[in-house]
Amino acid sequence: MRKFPEDFIWGTATSSYQIEGAWQDDGKGPSIWDAFCQIPDRIKHGDHGRVACDHYHKWREDITLMKEMGVQAYRFSIAWPRIQPDGKGKANPKGIAFYSDLIDALLENGIEPWVTLYHWDLPLALQLEEDGWLSPSIPAYFAEYAAICFEHFGDRVKNWITLNEPWVVAILGYGQGVFAPGRTSNSEPYLAGHQLLLAHAQAVDVYRKQYQPRQQGRIGISNNCDWREPLTDSSADKAAAERALEFFLAWFADPIYKGHYPASMVKGVGDRLPAFSAAERKLLKGSSDFFGLNHYTTMFAADSQGKIEKGSVYGNGGLSEDQDVSLSVDPAWKQTSMKWSIVPWGCRKLLEWIDARYDRPEIVITENGCAFDDQLVDGEVNDLDRIAFYAGYLEACHQAIENGVKLSGYFAWSFMDNFEWASGYEKRFGLHYVNFETLERIPKASARWFRDMMQLP
Ligand code: PNW
């Protein structure tokens with residue numbers, strides 16, 4: 001493994017609904033994921049996050065494990081319904097106390113908290129009473145909730161992430177309906193995406209005006225994107241790959257870095273794509289202090305020549321019919337248990353694409369990792385495939401840095417096995433094994449590898 005810059009940030013990541021459990025403790029309100037998990041057949045094996053890793057009670061042990069692993073930073077999310085049980089009004093003191101104690105303990109152990117304000121667990125009341133992310137009223141509620149977090153935690157938290165993966169919320173939550181709130185539509189994803197962008201912009205505005213000057217932290221957003229490689233050298237396939245990246249990442253990053261949606265989306269989506277007012281554009285443009293990127297895989301892209309069936313809402317990267325892109329993989333690529341192909345060079349190419357398109361922003365990989373069918377054998381998980389995955393992707397990151405990309409940090413997804421959304425507990429992304437019967441955590445071989453790799457001079 002090559003040498004990374006001295007000040008490179010090494011971390012690991014989780015999210016509230018996936019690990020906390022304690023779904024009704026200490027005044028927490030229900031979230032859309034609590035409700036979605038109760039609908040038959042939405043989640044594999046009928047799994048749910050009511051207990052999950054019970055991190056709400058075992059967080060001290062988890063911090064000890066992080067310290068043993070040697071990470072300098074920990075990215076976690078705050079459950080909005082712990083702070084505001086119905087998504088509005090004054091804060092729940094017990095919710096505040098939980099995160100406040102967690103932040104203190106992290107800092108005492110020399111671990112820098114990176115806090116995501118929204119990782120998909122919307123207060124259920126906002127879904128039922130306000131229509132969730134489709135409602136123009138949601139951005140203001142989000143900004144009020146964000147302000148509570150800045151107020152209570154911003155003296156100690158210096159790295160904020162407003163939203164995790166608005167693409168997933170829009171496409172999987174409102175297009176394909178496989179994630180909460182489970183809606184299927186070919187227009188709602190664009191409306192939800194629009195409100196998500198405005199929510200991000202309003203929260204950043206509150207932070208910049210009221211908190212950043214004295215708290216001196218940074219704020220950004222984490223967008224997810226796979227790499228899209230042209231299937232052939234034809235100009236049509238090259239254009240298709242570019243379009244696929246625009247429908248995936250530029251959908252959210254262009255408004256934030258350029259103040260408008262990409263032209264290909266304006267053309268392909270037509271009047272289903274909402275427009276920003278001049279004031280909204282201004283609020284959005286420049287609203288991220290760093291470029292948070294969650295990256296998992298790569299696919300080939302080819303021009304579909306109008307052959308994608310109208311009304312089909314499947315396909316990883318957006319609404320297929322709107323992009324007019326056919327996706328495929330190379331059967332020679334090895335895959336993880338999510339059936340996501342392992343293609344480290346795709347990570348390097350994506351970093352270079354972001355570097356060029358957004359004028360050399362500071363990039364932080366806020367998630368990268370893989371699920372495998374990890375088995376505990378004689379008290380150990382010898383996850384060599386995961387080690388190979390991390391070695392490959394980190395090598396690609398290193399090459400990108402050598403090629404001039406301003407990549408400043410890397411967070412492994414995930415610290416421990418957890419509730420993998422619609423896949424339930426079957427998919428294991430963790431550096432630590434979790435026995436979901438006993439809730440015991442056991443470091444995998446990859447956790448030890450990660451520690452040694454980070455400590456290389
Ligand atoms: C991300 N896709 O989700 C999330 O931020 C994590 O909570 C999650 O556990 C992790 O990646 C692994 O899945 C994604 O279909 C879910 O392209 C689905 C997709 C991408 C990211």
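Colleague: Which residues come nearest to the ligand?

Modeller: First, a heads-up: this is a predicted model, where local features need pLDDT of at least 70 and side-chain atom pairs count only at pLDDT 80 or more, while totals for chains, interfaces and linings use all residues. Residues are numbered from 1 along each chain as its sequence is written, and side-chain values use heavy atoms, with hydrogens and water left out. A residue is near a molecule if one of its heavy atoms lies within 4 Å of it. There are 17 residues around the ligand, and those that come nearest are Gln18, His119, Glu367, Glu420 and Trp421.

Colleague: How far is a polar side-chain atom of glutamine 18 from an oxygen atom of the ligand?

Modeller: Here we're looking at a polar contact, a pair of N or O atoms within 3.5 Å; within protein, one must be able to donate a hydrogen and the other to accept it, and residues adjacent in sequence count only if both atoms are side-chain atoms. For glutamine 18, the distance is 2.7 Å.

Colleague: And what percentage of the ligand's exposed area does the protein bury?

Modeller: The areas come from the Shrake-Rupley method with a 1.4 Å probe; for residues, only the protein chains shown count as cover. On its own, the ligand exposes 450 Å². The part of that buried by the protein is 94%.

Colleague: Which helix gives the most to the shell around the ligand?

Modeller: By class, that shell has 9 nonpolar, 5 polar and 3 charged residues. Nonpolar here means Ala, Val, Leu, Ile, Met, Phe, Trp, Tyr, Cys and Pro, charged means Asp, Glu, Lys and Arg, and the others, Gly among them, are polar. Helices (H or I, at least four residues) and strands (E, at least two) are DSSP runs, numbered from the N terminus. With 3 residues, from the stretch 166-174, the top contributor is helix 8.

Colleague: What is the volume of the largest pocket?

Modeller: On a 1 Å grid over the protein atoms alone, a cavity is a set of points where a 1.4 Å probe fits but cannot get out, and a pocket is an open set with protein on both sides within 12 Å along at least five of seven lines; lining residues have an atom within 4 Å of a point. The ligand takes up the space of the largest pocket, and a molecule sits in a pocket or cavity if more than half of its atoms lie within 2 Å of its grid points. Grid points are joined across faces, edges and corners, and a volume is the space filled by probe spheres set on the points. For the largest pocket, that comes to about 700 Å³.

Colleague: Which residues lie closest to the centre of that pocket?

Modeller: The lining of the largest pocket splits into 15 nonpolar, 10 polar and 8 charged residues. Helix 8 gives the most to that lining, with 3 residues. Out of the 33 lining residues, the closest to the centre are Leu172, Phe179, Met338, Trp340 and Glu420.

Colleague: Which helix supplies the largest share of the lining of the second largest cavity?

Modeller: This cavity has a volume of about 40 Å³, and its lining has 8 nonpolar, 1 polar and no charged residues. Helix 2 (32-36) and helix 8 each supply at least two lining residues. The largest share, 3 residues, comes from helix 8.

Colleague: What is omega for the peptide bond from alanine 180 to proline 181?

Modeller: Most peptide bonds are trans. Proline 181 sits in the loop between helix 8 and helix 9 (188-215). Its bond from alanine 180 is cis, with omega near 5 degrees.
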